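Thanks for coming. I'll take a few minutes to go through one protein chain and how its parts meet.

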Amino acid sequence: MRIGLLGTGPWARMAHAPALSRHGELDFVGVWGRRTAPTKELADSYGVRAYDDVDALFADVDAVAVALPPTVQADLAVRAARAGCHLLLDKPLAPTVEQARAVAEAAEESGVASVVFFTTRFQPETAAWITEQAAVEGWFTGRAEWLGAVFSGDGNPFADSPWRQEKGALWDVGPHALSVLLPVLGDARRVTAAAHGPGDTVHLVLDHVGGASSTLVLSLTAPPAAAGAAVELRGAAGVRRLPGSTESAVSALIRAADALLAASRTGQPHACDAAFGLRVTEILAVAEGLLDGEDRESGEA
């Protein structure tokens, strides 16, 4: 499969480009970016073509990997899907429900495969744990804490990201937490509560279709010593905690590319496709509305 990369920022350089170049079944052929110099620099470092016309890249490849801000990703993903390109996307899929729905619909209508890279879903230890817990009945409650130090540590390459500064932890690490809780506890019927904490920290309470409730604590401004992710489930089966993973982001992205290849060959959607990315966006949008004071009562998810 011939694949191109959209984006030249830190995440493209640290994760996407290395993963695409190392994958044994992908032919990494080119890079498109919004700025000429970084595009040429990244492309040259991997010996691939630097594209100044994104439509020319779409015409030359079978798939694209996207490492761009959510608004930019959403618009280009629609164009790529309509050009017949399979989609390896990042989270969040889009900053609005309307844009996320446009991506999901474009992928479905064009018959292209899509995979959204929720890191935990593509690390072997955590992916196996999620599958195991999803088969267990009687979960009573779940707790997810995703605490980052992006804005509180020194020299974090993502701290200057305009979209992260605007949307905060809810949209940056919220998708990770939801990607673990939803397949285990079931879809969210309601966001029953949402409250601000220190910095960009938010606290959410969800009501799930399976009868369980969950709480989420999300932050990019945690003290560095307190940063980390944890998920705990409690129910009839006892207490289960998400294991740690030794898998790097690059290795996990390679697994996500494997999933895209499989979906493109079989026609069977992956569990983390654009439709799932849309559902995550819908839940985040309800929570954002509650946090913004648009609806002080329970928000229907």
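Let me start with the domains, whose bounds come from an automatic or database domain assignment. The centres of domain 1 and domain 2, taken over C-alpha atoms, are 25 Å apart. Domain 1 covers 2-119 + 250-272, and domain 2 covers 124-243.

Before I go on, two notes on the source. This is a predicted model, in which local features need pLDDT of at least 70 and side-chain atom pairs count only at pLDDT 80 or more, while totals for chains, interfaces and linings use all residues. Residues are numbered from 1 along each chain as its sequence is written, and side-chain values use heavy atoms, with hydrogens and water left out.

Now the interface. Contact here means heavy atoms within 4.5 Å. Domain 1 puts 12 residues into the contact and domain 2 puts in 10 residues. The size of an interface is often given as the accessible area lost when the parts come together. Buried area is that loss, taken with a 1.4 Å probe and summed over both parts. Between domain 1 and domain 2 it is about 980 Å², with 74% from carbon and sulfur atoms. Which three residues supply more than any others of the area that domain 1 buries against domain 2? They are K91, P92 and F118, with 42%.

Take those residues in turn. K91 forms a salt bridge with D172, and their closest N and O atoms are 2.5 Å apart. A salt bridge is a side-chain nitrogen of Lys or Arg within 4 Å of a carboxyl oxygen of Asp or Glu. The count between the two domains is one salt bridge. K91 is also joined to P92 by a cis peptide bond, with omega about -10 degrees. P92 sits in the loop between β5 (86-90) and α5 (97-110); helices (H or I, at least four residues) and strands (E, at least two) are DSSP runs, numbered from the N terminus.

F118 pairs with F276 edge-to-face, at 5.4 Å centre to centre and 75 degrees between the planes. For such a pair, ring centres of Phe, Tyr or Trp (its six-membered ring) lie within 6.5 Å; planes under 30 degrees apart are stacked, over 60 edge-to-face, and the rest tilted. F118 lies in the loop between β6 (114-117) and α6 (124-134) and F276 in helix α10 (residues 274-291), so the pair ties together parts 158 residues apart in sequence.

D187 forms a salt bridge with R279, the closest N and O atoms being 2.9 Å apart. Because D187 lies in the loop between α8 (174-185) and β8 (188-196) and R279 in helix α10, this pair ties together parts 92 residues apart in sequence.

Conventions: Buried area = accessible area lost by both parts, 1.4 Å probe.
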